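This report describes selected features of one protein model. Please consult the sequence and the structure below while reading.

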Amino acid sequence: MKVEKKLGKGTAKIQIEDDGTYFQVNQDGGSQKLEKAKISLNDCLACSGCITSAESVLITQQSHEELSKVLHFNKTAEPSQQKLVVISVSPQSRASLAARFQLTPLDTAKKLTAFFKNRGGEGPLFQLPLNDEGVSSDSQGVHYVFDTTFSRNFSLLESQREFVQRFRRHTESRQALPMLASACPGWICYAEKTHGSFIIPYISTAKSPQQVMGSLIKDHFAQQQHLTPDKIYHVTVMPCYDKKLEASRPDFFNQEYQTRDVDCVITTGEILRLLEQEGVSLSDVDPAPLDAEFSCATGEELLGHQGGGSGGYLEHIFRYAAQELFGIQVDGITYKPLKNKDFQEVTLEKDGTVLLHFALAYGFRNIQNLVQKLKRRKSPYHYVEVMACPSGCLNGGGQIKAEAISSKDLLQQVEKLYEMVRTVMPETSPEIKELYEQWLRGEDSKEAGKTLHTQYHAVEKMSSGFNIKW
């Protein structure tokens, strides 16, 4: 059976044969066979559509099945061919798993560490001897489990300094303000493909915690282990499908060693499916000690950052800027809700004058309103924490879905568990200060700028009837 589709008045027709081949039929009767379109991960718009809502979509090289393949390969391969497997877990995913299994965040971290390290083996792999390549000759599970809260310290500190620099330059040369947060890949993808060169100058260049961790693992940690970056397989556990898009960006690919900073991204929901496939309840797993390196934990206590479940960018930058620019110490921050709870403002005033005007904009409805204000030059803000998901990262599309209770009640549980962790300021971390010196040669070095920052690219719109209009 042949199917014909007319593309429009005065244009060619598309003819689809029974075997799925496509022919363009011209007005003069001639025809031309068309190549089948191949859609890669980088082609996705990440518009809260197929990838962010359809959990059944299997993305090659970005799934828990791919992790299983690597672990199986390590089990059967020669020692020299094995890879060191590292998993970095986001605090948002940890909170979602804690709510699902009715655990504390600390217990969840320990049990998840044990589950990963003991997969297919009889004991934690960190007890096994390593060969000259730095990989266990009996490798059957994950070698290290880290926490992206650690790498978020860098992301927050770099965002703080970037904002202050922009603010000072803005007063002199009108450099683009507001500065817009860059940690959400769904927002970034939308901005690049929909608003392109107009919006890019406003976006912060600081890497997200996921990609900072990727640089840390494939560079500094690889050197510590005496390995090349391609000998490490780095997986992140994230609350968001769009993090798969972020990891796949060409900007985060090492051409010399042909490896990505983050090889595979697994969502929280995929971790739950992995547990279910193996018949394991996280509640029943015996806890294991947390890896001390690249960890925001002190003894029996996890550490986090204040300012909400999306990373606290607004609050950290607000406090830092108030002190650095105006000598004002901010103790408490008061949010002013606008049209909805996902669009709120924070202001710093002195003698009736507004010194700083910040906002958070979550969800595409609020993002679109923000962009329209920018285009009309009516945005009053100096900084905006932008996140694609309503309610932010704790409500990401990759989080575990509600079963016995409502989605609202589940989100409240996740938020409560996330906030149980004691918060610290990134400036107070001696480990971060040490890494700035040892790894990056100082806070203001070229190495720090190159390693902790990235760039964005306007994506040319295709002239197609399938274009999405925002």
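Across which strands does helix 7 lie, and at what angle does helix 7 run to strand 8? In this predicted model, helix 7 (residues 209-224) lies across strand 5, strand 6, strand 8 and strand 11, and its direction is about 160 degrees to that of strand 8.

These four strands form an open sheet in the order 6-5-8-11, with parallel pairing. From one strand to the next, the twist averages 25 degrees. Within the sheet, strand 5 (residues 84-89) and strand 8 (residues 232-238) run parallel and are joined by six bridges; I87 stands opposite V235 of strand 8. Helix 4 (residues 105-117) lies across strand 5, strand 6 and strand 8.

| Helix | Reference strand | Angle |
|---|---|---|
| Helix 4 (residues 105-117) | strand 6 | about 150 degrees |
| Helix 7 (residues 209-224) | strand 8 | about 160 degrees |

Helix 10 (residues 313-326) has 14 residues and should span 20 Å at 1.5 Å a residue; its end C-alpha atoms are 19 Å apart, in agreement with that value. Ten of the 14 residues of helix 10 are buried, among them Y313, H316, F318 and L325. G327 follows helix 10 and has a positive phi, near 65 degrees.

The structure contains zero disulfides. C240 is in no disulfide, as the nearest cysteine sulfur, that of C389, is 5.5 Å away. C240 has 11% relative accessibility and therefore counts as buried; C189, at 9%, likewise counts as buried.

Notes
Residues numbered from 1 in each chain as written. Predicted model: local features only at pLDDT ≥ 70, side-chain atom pairs only at ≥ 80, totals over all residues. Heavy atoms only, no water. Disulfide = S-S within 2.5 Å. Buried < 20%, exposed > 50% of the residue type's maximum accessible area, 1.4 Å probe, protein only. Helix = DSSP H or I, 4+ residues; strand = E, 2+ residues; numbered from the N terminus. Expected span 1.5 Å × (residues − 1). Pairing = 2+ DSSP bridges. Axes fitted to C-alpha atoms, helices over the stretch in contact; angles between N-to-C directions. Contact = heavy atoms within 4.5 Å.
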